[in-house]
Structure formats: C-alpha cells, structure tokens
Amino acid sequence: MDSPRFIVTSSPHVRSADSTRTIMLDVLIALVPSLAVAVFTFGGRALVLTALSVASCVFFEWLWCRLMKKPQSAGDLSAAVTGVLLAFNLPVSVPLWIPVVGAAFAILIVKQLYGGLGKNIFNPALAARVFLMLSWPKYMTRFTAPHTALPWLSAVDAVSCATPLTALREGGFSSPGFAGMLLGQVGGCLGETSALALAAGGVYLLARRVISWRIPASYLAVTALAALLFPQGGLGALEYTAVALTSGGLLLGALFMATDYASSPVTPEGQLIFGAGCGLLTVFIRYFGAYAEGVSFSILMMNALVWLIDSNFKPKRYGTPSRWVRVRDTFRAAFAKWDAEPDDETKGGGAA
C-alpha cells in the first residue's frame, strides 16, 4: 500500500528537531566553562553549591507537578538550568541553605505560580537572587578572594573581598589586569567573574542558534558607550569600559538571562529595544543606585515591560505596510493636501 502523500494536521506546520530539552542541554553545555573556572577559583565549595542548587530546583519542580497532579516537567532540564544560573548568582561563602531557599522561590513562586515554563514574566534565577539580596544582604554581599581555602560543607567565617565595581565606587580600586578580569581571578559571584568563559559559552549558544545576537549586542553596546563617555573612578575611558563590560555579572546577564525566551520580546525590533533598555538601566543603577552592579535589577525591570514592547512591535500581517511606510504615507498625504489648497492671494479670485 502506498504511503500517504499528505499529512493533514492543525497549525503550526513548522517541523524542527529542537525541543525544550535539547535547548536547555545546550545552555547547560555553554555554562560548563564558567563552572570549571568557578571551581578552579573558589574551590570545591563552588561545586557543592551548584549541585545543591540544581538538585533543589529539580526537586521543587517535581514536587509542584506531583502536588498539582500535572505531567512531570523536571526532565526537560529547565529546572536544572535555573539551578545553575541561581548558583552562579551566589557568593561562594553563602550558607548551604541559601540556594535551597532561592530554588524554592525561583521554581514555586516565580515560575510555577505564573503557569510554568514559558508563562513566567520574570527570569526565575534573577528574581531569586534579588529576593535573597533583600532578605539576607549580609550573606549576598560578602565575596571571597580567589583561591581562598574554604570548607566544602561547613559554615564559612567572615571573609571579605570587594568586587571590582564595588572597589571602584568606594575609591579603593586597583586594577587586577585585563588577564585577571578575563580569567575570573577577581571577587564576585560564582559564575560572573570570568569574562572569557562566559564569552565562550555565549559563542556556543550563538553558533547553535539557541539565542539571538540582538539582545546581548544592544545590551553591551549601550553599556560600553556610556562607559566610554562617562568613565568613573579616575580611570581612562578604555580602562573603565573594560572593567564595566567584564565585571558585575554583565556578560552572565546579557548572554544567559536577558535572552530567556519566556521573559524577553519575540520580535527583532523588540529585542533590540529590550537589550538597550537593560543597558541604560544598568548604567543608571551603577552610577546613581545603591548597588554597584545593577544587572539583576535592570533585567527584571525590563522583564516587566516585555508585554508593552511586544504589543507595540507585533509581527505585521503579510501585505501590511510597515510602521515607517505608514508614517511616510501619512506625511505625503498631508503635504499633498496642503499643496493642493489655494493660498490666501488666490482665494476669492485674486486681488481686488
């Protein structure tokens, strides 16, 4: 018997080998270089915090689906990605219960209460970081110097090291060198210190077409332009720009969290505006806000405006002229009407 020539199904008719699991697996692969640098820089405690964060996120995802009698979604790896990103936004010295509380807030409050994957308004990992910063600032703002020997499982005594942006704001900045900024040999959260590892992961995601270039490019371009025009801390324009781009979690936010499918715009124009808005807000917070970094707050604020961006940059129907063509035609019609009207000298048959 001949096979049918046509398969009749409802829309959409796009066929792709990609799935949520394959996309999330690519993101996890892209995060491996940053995790390796974090373990090298901060020791085995970084691996313990990451594993605990991932396990907690997966558990709370499973628990929610079990209690709500929904199909299990822990296997799509989205909770695992949230766990890694949450850990990357934590200092290595936080108590071990911090990632558990953060995972519960990220999965249960930010993700599942809004309807689950694809329906959340805010990025779960970033929202959890801000929640932890506001609730336990003494843990979330205490950073450890690279290669400090820390216990893997027990509590950590007071160890303090300022991040480059914090030191710059407080007037005690001493440049660790561009190599140190690239390789992550500075104070900061687990996954935000190594610009080179984050960039390598971003290039992988771009090559795999998991993310678009528009949000990271516009985000970084606006931040770099502001840093070039308004350097701080007595640094030269180029040196301050290098510090601004390679510290404060900017690359982690621009490449891995601002590009979150559920909480970012869907149109190309909207993505450019979203990234530029994140850059402007980051610069504003860094210059005038109470926090030296500003990336988390800027992305979350722009997450809240995605509905407005999408509503004003909807994909046009086939055959519908673009916004700029409609504006041009409106002006042309107005000028044509004005040109067709008689002037004051010709009205009424001319001069008396």
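## A walk through a helical protein

Let's start with Phe230, which counts as exposed because its relative accessibility is 52% (exposed means over 50% relative accessible area, buried under 20% and partly exposed in between, with a 1.4 Å probe and protein chains only). What you're looking at is a predicted model, where local features need pLDDT of at least 70, side-chain atom pairs count only at pLDDT 80 or more, and totals for chains, interfaces and linings use all residues. Residues are numbered from 1 along each chain as its sequence is written, and side-chain values use heavy atoms, with hydrogens and water left out.

Back to Phe230: you'll find this residue in the loop between H10 and helix H11 (237–246). Phe230 belongs to a nonpolar patch on the surface, together with Leu225, Leu228, Leu229 and Leu238. Together these residues have about 550 Å² of accessible area (from the Shrake-Rupley method with a 1.4 Å probe, where for residues only the protein chains shown count as cover). To join such a patch, a residue needs over 30% relative accessible area and no salt bridge; nonpolar side chains (Val, Leu, Ile, Met, Phe, Trp, Tyr) are joined within 5 Å, like charges within 9 Å. Helix H10 (residues 214–229) gives the patch its largest share, three residues.

Now zoom out. The protein has 16 helices and zero strands (DSSP runs numbered from the N terminus: H or I with at least four residues for helices, E with at least two for strands). Of its 352 residues, 45% count as buried. The protein exposes about 18,600 Å², and carbon and sulfur atoms supply 67% of that. Among the contacts (heavy atoms within 4.5 Å) with a separation of 6 or more, 73% are between residues 24 or more positions apart.

In one of them, the side chains of Asp26 and Arg208 meet at 3.2 Å, N to O. Asp26 sits in helix H1 (residues 20–42) and Arg208 in the loop between helix H9 (195–207) and H10, so this pair ties together parts that are 182 residues apart in sequence. Asp26 is buried at 7% relative accessibility, while Arg208 is partly exposed at 46%.

Next, Glu61 and Lys111 form a salt bridge at 3.1 Å, N to O. Glu192 lies in the loop between helix H8 (178–183) and H9, and Arg129 in helix H5, so parts 63 residues apart in sequence are tied together. Both Glu192 and Arg129 are buried.

Finally, the rings. The whole structure holds eight aromatic pairs (rings of Phe, Tyr and Trp, using its six-membered ring, with centres within 6.5 Å; planes under 30 degrees apart are stacked, over 60 edge-to-face, the rest tilted). Phe59 and Phe60 are edge-to-face, 5.4 Å centre to centre with 65 degrees between the planes. Phe105 and Phe131, on the other hand, are stacked, at 4.2 Å and 0 degrees. Phe105 is in helix H4 (residues 97–111) and Phe131 in helix H5 (residues 124–135), so the pair ties together parts 26 residues apart in sequence.

Definitions and conventions: A salt bridge is a side-chain nitrogen of Lys or Arg within 4 Å of a carboxyl oxygen of Asp or Glu.
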